[in-house]
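Please examine the sequence and the model displayed here before reading further.

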Amino acid sequence: MHGEYKVPGGKLVVVDLDDRDGVLRDVRVAGDFFLEPDEALLAIDRALEGAPVTTEASELAERIRAGLPEDTVMYGLTPEGIATAVRRALAQATDWTDYDWQLIHEEPQSPALHMALDEVLTAEVAAGHRPPTLRVWEWGGPAVVIGSFQSLGNEVDAEAAQRHGMTVVRRISGGGAMFVEPGNTITYSLSAPASLVSGLSFADSYAYLDDWVLGALDDMGIKAWYQPLNDIATEAGKIAGAAQKRMVGPEAGPGAVLHHVTMSYDIDADKMVQVLRIGREKLSDKGTRSATKRVDPLRRQTGLSREAVIDRMIQSFRTRYGLSTGHITPQELEYAEELAATKFSAPEWTARVP
């Protein structure tokens with residue numbers, strides 16, 4: 001069995017092992033990390049050898065930690081990262097490069113249609129009918145997008161949203177509200193087979209699926225990092241937020257994970273605080289007093305046009321994992337348009353949590 005895991009902000013860990021009679025055998029850890037002394041690598045293998053295959057990642061990490069020489073120095077590597085690679089090997093997890101990724105980047109679409117496309121395309125991946133997909137959104141109008149479980153009344157000032165011509169929609173994933181203006185926002189979705197995140201905790205899957213975009217930002221001169229649970233941040237402030245939804249495939253379908261990210265290229269902070277009801281508790285949790293200081297736009301940090309930022313992100317993904325250009329099929333679009341009208345534009349859905 002073979003498992004790989006790139007430690008967020010660190011290096012790649014590779015684990016090969018066998019499952020014999022319910023215990024780990026012939027464990028071999030490798031990767032492009034830095035580790036001293038040399039004997040520490042053998043100590044890691046020995047610490048994992050003989051562990052029950054049902055051992056949780058936290059317990060595996062403790063076994064590793066207890067087995068290391070006292071003077072061990074790890075760089076780009078953690079016991080938790082090794083343990084995660086072990087769990088991914090046992091779960092027979094796949095890697096990004098195991099798939100032929102498809103890019104969808106089409107004309108601007110309405111907020112409701114974007115919500116529907118996320119559901120439809122991810123369901124198609126879950127059923128094994130569509131290849132794993134990176135979809136870059138173009139917005140047809142300004143919007144507030146609230147999370148699946150958020151209270152509409154608590155999150156959005158309806159009068160202010162109407163005054164500013166903003167459509168309010170609810171998405172299928174959890175997380176917080178998104179303030180969207182077409183030229184000021186960069187949004188993308190990953191619709192990926194569930195096996196890509198096999199062996200990862202829900203929290204770890206966020207870091208894993210965000211890692212490529214951190215690399216893309218680094219190439220643009222932005223030192224960004226994953227901030228649990230679902231933010232991407234820099235020293236200047238938060239620049240993006242992520243949300244996820246898991247889907248089970250029908251019958252033999254592989255299942256899928258929807259992971260989407262909204263990045264602030266630029267932002268009208270005064271308008272945002274009028275439309276969103278951002279409470280004091282949320283602000284204090286982020287360590288700031290002002291909502292206008294919570295988000296620092298990419299335009300200021302990169303000096304690039306929105307289109308250039310998107311192009312560089314796409315190229316970074318293509319270089320890492322491969323990416324061919326695709327399109328929404330007529331059948332997918334027809335179903336999405338139906339859902340946009342009957343579900344995502346319906347007050348029953350938008351206000352399902354009043």
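Are Arg135 and Asp118 buried or exposed? Both residues are buried, a term that denotes under 20% relative accessible area, whereas exposed denotes over 50% and partly exposed the range in between (1.4 Å probe, protein chains only). The model is a predicted one, in which local features need pLDDT of at least 70 and side-chain atom pairs count only at pLDDT 80 or more, while totals for chains, interfaces and linings use all residues. Residues are numbered from 1 along each chain as its sequence is written, and side-chain values use heavy atoms, with hydrogens and water left out.

The side chains of Arg135 and Asp118 form a salt bridge with an N to O distance of 3.2 Å; the term requires a side-chain nitrogen of Lys or Arg within 4 Å of a carboxyl oxygen of Asp or Glu. This pair links distant parts of the chain, since Arg135 belongs to strand β7 (residues 133-136) and Asp118 to helix α4 (residues 111-126), 17 residues apart. Helices (H or I, at least four residues) and strands (E, at least two) are DSSP runs, numbered from the N terminus. Side chains of opposite charge can pair when their charged atoms come close.

In total, the structure contains 15 salt bridges. One of them joins Asp218 and Lys223 at 2.6 Å, N to O. Asp218 is partly exposed, at a relative accessible area of 35%, and Lys223 is exposed, at 58%. Another joins Asp296 and Arg300 at 2.4 Å, N to O; here Asp296 is buried at 9% relative accessibility, while Arg300 is exposed at 56%. Salt bridges also link Lys6, Asp211 and Arg320 in a network.

Arg130 is situated in the loop between α4 and β7. With a relative accessible area of 7%, Arg130 is buried. The side chain of Arg130 makes a polar contact of 2.8 Å with that of Glu332. A polar contact is a pair of N or O atoms within 3.5 Å; within protein, one must be able to donate a hydrogen and the other to accept it, and residues adjacent in sequence count only if both atoms are side-chain atoms. Leaving aside residues up to four places away in sequence, Arg130 touches several others, among them Gln102, Ile104, Leu121, His327 and Ile328, where contact means heavy atoms within 4.5 Å.

Rolling a probe the size of a water molecule over the atoms shows where empty space is left. On a 1 Å grid over the protein atoms alone, a cavity is a set of points where a 1.4 Å probe fits but cannot get out, and lining residues have an atom within 4 Å of a point. Grid points are joined across faces, edges and corners, and a volume is the space filled by probe spheres set on the points. The count is 2 cavities of 30 Å³ or more.

The largest cavity holds about 50 Å³ of space. Its lining includes Leu134, Val136, Ile186, Tyr188, Trp212 and Ile314. The elements giving two or more residues to this lining are β7, β11 (185-193) and α11 (306-321). By class, the lining of the largest cavity comprises 8 nonpolar residues, 1 polar and no charged; Ala, Val, Leu, Ile, Met, Phe, Trp, Tyr, Cys and Pro count as nonpolar, Asp, Glu, Lys and Arg as charged, and the others, Gly among them, as polar. The second largest cavity has a volume of about 40 Å³. Arg135 is one of its lining residues, which also include Glu106, His114 and Glu138. This second lining has 4 nonpolar, 2 polar and 4 charged residues.

In helix α1 (residues 39-48), the buried residues are Ala40, Ala43, Ile44, Asp45, Ala47 and Leu48. They pack against β3 (23-31), β4 (34-36), α2 (57-67), β5 (73-75) and α3 (79-90). Gly50, which follows α1, has a positive phi near 90 degrees.

Most residues other than glycine have a negative phi, and most peptide bonds are trans. The peptide bond from Glu36 to Pro37 is cis, with omega near -5 degrees, and Pro37 lies in the loop between β4 and α1. Asp21, with a positive phi near 55 degrees, is exposed at 82% relative accessible area.

Note on methods
1 Å grid on protein atoms, 1.4 Å probe; cavity = no way out; pocket = protein on both sides within 12 Å on 5 of 7 lines; lining within 4 Å.
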